[in-house]
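Subject: Structure handover

Hello,

Here is the structure we talked about. Please open it and keep it beside you while you read my notes below.

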Amino acid sequence: MDSSSPSRSRRIAPVVAMAAAVALTLAGCSSSSGGKKSEESADGASAGKASTPQMTVALVTHQSPGDTFWDIVRKGAEAAAAKDNVKLVYSADPNAGNQATLIQNAIDQKVDGIAVTLAKPDALKDVVAKAKAAKIPVVGLNSGVSEWKNLGLMEFFGQDETVAGEALGNRLNSEGAKKAVCVIQEQGNIGLTQRCAGVKKTFSGTTETLYVNGTDMPSVKSTITAKLSQDKAIDYVVTLGAPFALTAVQSASDAGSKAKIATFDLNKDLTSAISKGTIQFAVDQQPYLQGYLAIDSLWLYKNNGNYMGGGEQPVLTGPAFVDKSNVDAVASFAAKGTR
Amino acid sequence: MSMTQHAEPAVTTPPAPGRKDSDGRTARRSLAIRLLARPEVGVFLGAVAVYVFFLITAPPVRDGSSMANILYQSSTIGIMALPVALLMIGGEFDLSAGVAVITSALTASMLSYQLTMNVWVGVVVALLVSLAVGFFNGWMVVKTGLPSFLITLGTFLILQGVNLAVTKLVTTNVATDDISDMDGFGQARKVFASSFDVGGVQVKITIVYWLVFAAIATWVLLRTKYGNWIFAVGGNKESARAVGVPVAFTKISLFMLVGFGAWFVGMHQLFTFNTVQSGEGVGQELIYISAAVIGGCLLTGGAGSAIGPVFGAFMFGMVQQGIVYAGWNPDWFKAFLGVMLLGAVLINLWVSRTATRR
């Protein structure tokens with residue numbers, strides 16, 4: 001095959017030249033600050049690997065897609081699975097009926113253990129009973145702190161949302177706040193409602209609730225702005241998720257309000273906002289720990305018969321406060337997306 | 001329906017300047033009735049009603065900065081409602097419009113960050129991606145002849161999954177990294193997400209874009225050949241084709257226009273909030289479509305205007321923020337919103353029926 005025909009190389013030459021030009025242009029467009037290059041390439045937590053035979057564990061949550069919080073839970077579970085020689089099967093659906101179907105699916109796969117979130121406990125009652133009948137150990141995490149024992153789960157890892165809310169309310173008292181607005185990004189979500197109820201219970205000032213459309217950030221921003229200009233007496237905005245806290249900062253400045261911002265849950269942008277002082281503090285329920293312990297506990301049970309919390313008490317992963325005094329210790333982990 | 005919104009005469013003559021008393025259908029009507037018959041008048045009256053209602057019940061609304069905030073919320077809906085409305089007049093609609101906004105923002109953010117490029121590179125690539133998504137939708141609809149409901153439902157699900165999976169794959173998180181310290185960010189923020197001072201009130205630049213785009217869209221619809229094509233393909237595709245309207249070109253370009261809108265709103269979100277969560281945007285497509293329908297665009301195509309959706313989007317922003325300004329019990333929030341919008345649509349319907357019956 002003679003490939004040196006002049007017509008062909010003449011056709012290729014401009015293409016090569018174009019590609020080179022594009023590459024050069026792109027190189028000239030490099031950013032001198034930020035970006036991937038400045039990101040530290042740090043490895044995640046790793047603690048060797050167990051020599052126990054491989055087991056399969058299903059983690060079934062009520063996560064809605066693309067939520068930073070659940071991503072951290074999953075990373076914790078994956079870290080424990082890697083260490084314990086566990087094959088992790090992750091699935092999620094915010095609809096309780098679908099979540100029950102996913103648990104049934106795990107039972108049918110004859111997994112060695114199941115970890116579930118009990119956002120809507122009644123809907124999962126029957127399927128959890130089926131897992132028990134099939135002699136599969138089931139542990140709970142994240143939501144369902146008051147229901148896990150009734151459903152016959154072995155252990156539970158998470159925070160009591162009401163307790164976390166109460167802790168935040170107390171903190172507001174010590175900060176000298178007078179009027180707080182609690183921003184709920186998903187109307188009708190029990191856990192979120194419990195948080196705000198907890199705040200209201202212990203906070204000695206007035207608490208108001210505000211609903212925002214969590215899937216549309218510009219509307220979240222305008223709605224918080226509207227609330228802050230409607231009620232100038234508000235001096236604290238409490239959000240229930242990290243991205244909403246960051247948006248609330250912009251709202252406060254738009255509304256010309258002096259209100260300070262506090263939030264539940266962390267992510268990496270939030271830690272830098274706390275160290276800069278634009279956000280006062282966050283209540284952290286340590287989602288990584290929830291995922292990690294749920295998987296690790298099933299491994300311990302299978303290989304050593306252990307019960308965390310003695311099988312009687314929930315293992316609480318929160319509320320832990322992150323503020324300016326301790327944010328530096330957390331920030332490096334948050335940058336990796338694990339805190 | 002007035003002649004400016006009708007398909008057949010629009011094919012051959014520019015409709016708006018051609019209005020004369022000798023036209024058989026409008027000659028016997030008074031000016032008031034002729035006005036009422038325009039599709040955007042109903043929604044205009046609805047919007048005025050909602051505005052006056054909140055002006056009375058919610059004192060903070062009277063403040064200039066509150067109005068700027070309401071208009072800001074309206075503009076982020078309105079910029080997308082415009083191309084969505086044009087597409088509906090052209091007889092199709094796009095369920096992927098909500099997540100397409102996030103797709104565009106994710107593309108720009110991740111490309112700049114991962115390759116450590118000037119953010120403008122990401123902005124340009126995101127535009128190409130958004131236009132490509134629009135082209136794909138339009139091309140599929142034209143080639144297969146399937147309802148755009150099915151095609152764009154497929155795109156909606158694909159984009160939703162791709163947004164999540166690719167973001168996770170590239171960043172190992174479900175949100176993008178903060179790009180606010182990168183080259184070009186400040187410029188891009190000036191273009192897409194700045195604000196300026198009007199008599200002590202901070203006004204967001206999206207409001208200006210919104211109104212400018214609406215003016216351009218109105219001019220295109222009423223004064224250009226392309227505008228006639230849009231009405232023609234939405235009114236009756238076959239007869240439009242018979243008189244030489246390039247149906248495929250019109251439809252595909254309309255879908256690409258929605259892609260352009262998604263890019264624009266996506267860039268606004270990226271440069272306002274610095275990062276993007278990959279799960280956002282779901283459900284927004286229905287709000288865009290609602291704003292267009294409230295604004296007088298028929299779900300069946302062939303009728304509507306570009307100014308109507310402006311009032312439709314305004315109504316959304318007004319009701320959504322008005323409830324907050326009024327300080328009502330937020331448990332009823334969604335119900336209030338629904339009742340207000342339904343009420344507005346009914347006024348809209350009543351006005352247009354009264355006008356066309358006589």
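Start with chain A. Six of its strands make an open sheet with mixed pairing, in the order β7-β6-β8-β9-β10-β12. Strands here are DSSP runs of E with at least two residues, helices are runs of H or I with at least four, and both are numbered from the N terminus. Two strands pair if DSSP finds at least two bridges between them. On average, neighbouring strands are turned by 20° against each other, direction ignored. Axes are lines fitted to C-alpha atoms, for helices over the stretch in contact, and angles run from 0 to 180 degrees between N-to-C directions.

Before going on, some ground rules. This is a predicted model, in which local features need pLDDT of at least 70, side-chain atom pairs count only at pLDDT 80 or more, and totals for chains, interfaces and linings use all residues. Residues are numbered from 1 along each chain as its sequence is written, chains are lettered from A and ligands numbered from 1 in the order in which they are written, and side-chain values use heavy atoms, with hydrogens and water left out.

Strand pairing in the mixed sheet

Strand β6 (residues 179–184) of chain A pairs with β8 (residues 236–239) of chain A in the parallel sense, over four bridges. A:Val181 has A:Val237 as its bridge partner in β8(A). Helix α9 (residues 242–254) of chain A packs on this sheet, touching β8 and β9 (260–264) of chain A, and its direction makes about 170° with that of β9(A). Contact means heavy atoms within 4.5 Å. Helix α10 (residues 268–276) of chain A also packs on the sheet. This helix touches β9, β10 (281–284) and β12 of chain A, at about 140° to the direction of β10(A).

β6(A) also runs parallel to β7(A), joined by six bridges. There, A:Val181 stands opposite A:Glu208. Six of the six residues of β6(A) are buried, that is, under 20% relative accessible area; exposed is over 50% and partly exposed lies in between (1.4 Å probe, protein chains only). One face of β6(A) carries A:Lys179, A:Val181 and A:Val183, the other A:Ala180, A:Cys182 and A:Ile184, and all are buried.

β8(A) pairs with β9(A) in the parallel sense, over four bridges. A:Thr239 has A:Thr263 as its partner in β9(A). A:Tyr236 and A:Val238 point one way from β8(A), A:Val237 and A:Thr239 the other, and all are buried.

The parallel sheet

Chain A has another open sheet of six strands, with parallel pairing, in the order β2-β1-β3-β4-β5-β11. Its edge strands are β2 (86–92) and β11 (315–316) of chain A. Strand β1 (residues 55–61) of chain A runs parallel to β2(A), with seven bridges between them. A:Leu59 stands opposite A:Tyr90 in β2(A). Helix α11 (residues 287–304) of chain A packs on this sheet. Its contacts are β1, β2, β3 (113–117), β4 (138–142), β5 (156–158) and β11 of chain A, and its direction makes about 165° with that of β4(A).

Chain A overall

The secondary structure comes to 12 helices and 12 strands. Of the 339 residues of chain A, 51% count as buried. Among contacts between residues at least 6 apart in sequence, 74% join residues at least 24 apart.

A:Lys200 belongs to helix α7 (residues 190–202) of chain A. Its relative accessibility is 54%, so A:Lys200 counts as exposed. A:Lys200 and A:Glu166 are 34 residues apart in sequence, with 7.6 Å from C-alpha to C-alpha.

Rings

Over all chains there are 27 aromatic pairs. Rings of Phe, Tyr and Trp (its six-membered ring) pair if their centres lie within 6.5 Å; planes under 30 degrees apart count as stacked, over 60 as edge-to-face and the rest as tilted. B:Trp120 and B:Phe192 form a tilted pair, 6.3 Å centre to centre with 40° between the planes. The pair links helix α6 (residues 119–144) of chain B to helix α8 (residues 185–193) of chain B, 72 residues apart. B:Trp120 is partly exposed at 27%, whereas B:Phe192 is buried at 3%.

Regards
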